[in-house]
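Please read it alongside the sequence and the structure shown here.

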Amino acid sequence: MLDEIIPFRYLPPALREAASGDTSERSYDPGDILIVHDDADDTRVFLLLEGSVRMVDPRYPGSAGRVVVAGHYFGERSALFGEARGMQVHAIDHVRALTLPGDRFLTLVQESTAFSQALGSILRDKQGVFLDFDRFRVELQREVAGGSVDLKKLLGAASVCRGWL
């Protein structure tokens, strides 16, 4: 399964094989909760083998959320950024999933440049994780090009970057 999911398909075969050995398979019934919102202790990354899940931010009642289907992964942000879970995730239908411990996921990022570059592209292009940082960088470049740097203005831009600075 790992060889079918980006970024895992970019792992060298030996690392992919080792990572496969570190996964656990779980099954969930419709309505079962896979990830609890605000859980700070759960850093597992999920790879869906069958079924689909809905990711919902409970802070926005009535939001349709996002559906993730078999052949995709989710749950990496908690492992990557050391944050509590931002979404509640529940099974829409019968789900089979592999789970990879968060610390093992981080090891893959450190051990494989190709994997980490593919993951970085996903985070940047599909999830917009670096948008605030990019806006800050553009604002700083604009200030420098103008010949002076307004620190108050930059501090306002930096506040949206939170952990990046």
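Two strands pair if DSSP finds at least two bridges between them. The model is predicted, and the points below are grouped by topic.

**Strand E4 and its partners**
- Strand E4 covers residues 52–56 and is mostly covered, with four of its five residues buried.
- E4 is joined to strand E7 (residues 88–91) by four bridges, and the two run antiparallel.
- Ser52 has Val69 of E5 as its bridge partner.

**The four-stranded sheet**
- Four strands form an open sheet in the order E1-E8-E3-E6, with antiparallel pairing.
- Strands E1 (24–28) and E6 (73–74) stand at the edges with a single partner strand each, so one side of each has no neighbour in the sheet.
- Strand E3 (residues 45–50) is joined to E6 by two bridges, and these strands run antiparallel.
- Leu47 stands opposite Tyr73 of E6.

**Helices H3 and H4**
- The axes of helix H3 (residues 102–111) and helix H4 (residues 113–126) come within 5 Å and cross at roughly 110 degrees.
- H3 is therefore roughly perpendicular to H4.
- H3 contributes Phe105, Leu108, Val109 and Glu111 to the contact, and H4 contributes Thr113, Phe115, Ser116 and Leu119.
- The residues of this contact divide into five nonpolar, two polar and one charged.

Terms used. Residues are numbered from 1 along each chain as its sequence is written. This is a predicted model: local features need pLDDT of at least 70, side-chain atom pairs count only at pLDDT 80 or more; totals for chains, interfaces and linings use all residues. Side-chain values use heavy atoms; hydrogens and water are left out. Axes are lines fitted to C-alpha atoms, for helices over the stretch in contact, and angles run from 0 to 180 degrees between N-to-C directions. Angles under 35 degrees count as roughly parallel, over 145 as roughly antiparallel, 65 to 115 as roughly perpendicular and the rest as oblique. Contact means heavy atoms within 4.5 Å. Ala, Val, Leu, Ile, Met, Phe, Trp, Tyr, Cys and Pro count as nonpolar, Asp, Glu, Lys and Arg as charged, and the others, Gly among them, as polar. Buried means under 20% relative accessible area, exposed over 50%, partly exposed in between (1.4 Å probe, protein chains only).
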